[in-house]
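Hello! Here are a few notes to read alongside the model, in numbered points.

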Amino acid sequence: MRNSASSDLMLSLVLDAMPVRVFWKDRDGRYLGCNQLFAQEVGLNDPREIVGKTDFDFCTTEQAETFRADDIEVMNAGVASMSVERPAVLANGETVWVEASKHPLRDSAGEIIGVLATCLDITERRKASDERARLIEDLITARDAALSASASKSAFVANMSHELRTPLNAIIGYSELLREETTDESAARDLDRILAAGRPLRGLVNDILDLSKLGAGRMMLHDEAVSPAVVVSEVMEALALMAAKDGTTLRWAAPPPSFSTISDALKLRQCVLNLVSNACKFAKGGVVEVSLKREWRAGASEFLISVRDTGIGISPEQMSRLFQPFAQAEHGIARQYGGTGLGLAITRQLAQAMGGDVVAESALGEGATFTLRLPNRPLSGKLSLRQKAVA
Ligand SMILES: Nc1ncnc2c1ncn2[C@@H]1O[C@H](COP(=O)(O)OP(=O)(O)O)[C@@H](O)[C@H]1O
Ligand SMILES: [Mg+2]
């Protein structure tokens, strides 16, 4: 007798010490018992007062019906329902979130005589996850707004540079015409000034237009038969006069292989022009060597154009932002060498749009090597015929 009394006491001590709410009910939803924590939560001073009460005594009808339905489901199925999250209105009117696990309660014969439940207060956890969800939603909204602002900015820049280019072409075109025709020396000097100011401006507007087109995914590529050796030679010829004036040696490292591939000749030319003109600009009086070769990489044929110079080189820190728009190695570069820092950004984006890439190797004071890598695509029947007709 004393033993049974002390084990009852022990049991209620254990139940009251548990940091979770515990209660058990009969088949009709009447409470048979609970621990102190649960009693407090439903507004009772003593757990014993709960015996015989139902959820309809503590909760709104709607909530009591939900709890009752949960109980019936567990009793009918004969298996536990684990970690079900439900809101619960407390005796003091406050709403909390609970995570309830309910188990069928069986007598010694194994008959289900009710349910035993444990409940955790997960209000704080729910608040934190609601807050996280709200933050994520805010971030998504902000990201979408930024993306659409950036898209409209790109479209605006593309339209504006297009609008600038037309009159600028007219100004430069007519100035060139007048410059050719004029015999008046002072007019010739003025026209040279207009051209000297206008041509770089046209270059800048073209670069910005290209970059915004690439950014907006509006750059179209035109497939055609192209001889990389011919494209590179033409670029070298175009820059030969300027290089010679600067005392720079511009040459092939070795006779280039002659082959044709499917590519976009203008875009390829633009990439090579950017790399070779940079090399000439930063290696005045030095040597610029260009090489062309074919390679297999990951089972695909590629052609590589390397431009190696003996110029000022690039520090590791400068290297990390080399291909970003408007990134020049130092602020002094623009003053000393001109340029706006768009060439390499355009070159990389063009190369990537064509299925390749461009990489740089360099150390400060030790020159630089830029390598353009592009897919070497075999000519289809039609294009190779056209190319033959041209050849
Ligand atoms: N061959 C090179 N040698 C040294 N620095 C280079 C070379 N090519 C590019 N750079 C560095 O990268 C920067 C960006 O090049 P680029 O995008 O072509 O712009 P820009 O020629 O208008 O300055 C240059 O300003 C320069 O600092
Ligand atoms: Mg450049």
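1. What is the order of the five strands in the open sheet? The order is β7-β9-β10-β12-β11, and the pairing is mixed. Two strands count as paired if DSSP finds at least two bridges between them; helices (H or I, at least four residues) and strands (E, at least two) are DSSP runs numbered from the N terminus. Because β7 (249-252) and β11 (357-362) stand at the edges with a single partner strand each, one side of each has no neighbour in the sheet. On average, neighbouring strands here are turned by 20 degrees against each other, direction ignored.

2. A word on conventions. This is a predicted model, in which local features need pLDDT of at least 70 and side-chain atom pairs count only at pLDDT 80 or more, while totals for chains, interfaces and linings use all residues. Residues are numbered from 1 along each chain as its sequence is written, chains are lettered from A and ligands numbered from 1 in the order in which they are written, and side-chain values use heavy atoms, with hydrogens and water left out.

3. Inside the sheet, β10 (residues 300-309) and β12 (residues 368-375) run antiparallel and are joined by eight bridges. S306 stands opposite T371 in β12.

4. Now the helices. Helix α6 (residues 228-246) packs on the sheet and touches β7, β9 (287-297) and β10, with its direction at about 165 degrees to that of β7. Helix α7 (residues 265-282) lies across β7, β9, β10, β11 and β12, and runs at about 25 degrees to β10. Contact means heavy atoms within 4.5 Å; axes are lines fitted to C-alpha atoms, for helices over the stretch in contact, and angles run from 0 to 180 degrees between N-to-C directions.

5. There are six aromatic pairs, where rings of Phe, Tyr and Trp (its six-membered ring) pair if their centres lie within 6.5 Å, and planes under 30 degrees apart are stacked, over 60 edge-to-face and the rest tilted. The ring centres of Y31 and F58 are 5.9 Å apart and the planes meet at 70 degrees, so this pair is edge-to-face. Y31 and F58 are both buried (under 20% relative accessible area; exposed is over 50%, partly exposed in between; 1.4 Å probe, protein chains only). F23, Y31, F38 and F58 form one aromatic cluster.

6. F259 and F303 also pair edge-to-face, at 6.0 Å centre to centre and 70 degrees between planes. F259 sits in the loop between β7 and β8 (261-263), and F303 in strand β10, 44 residues apart. R294 lies over the face of F259, 4.1 Å from the ring centre (NZ of Lys or CZ of Arg within 6 Å of the ring centre and within 35 degrees of the ring normal).
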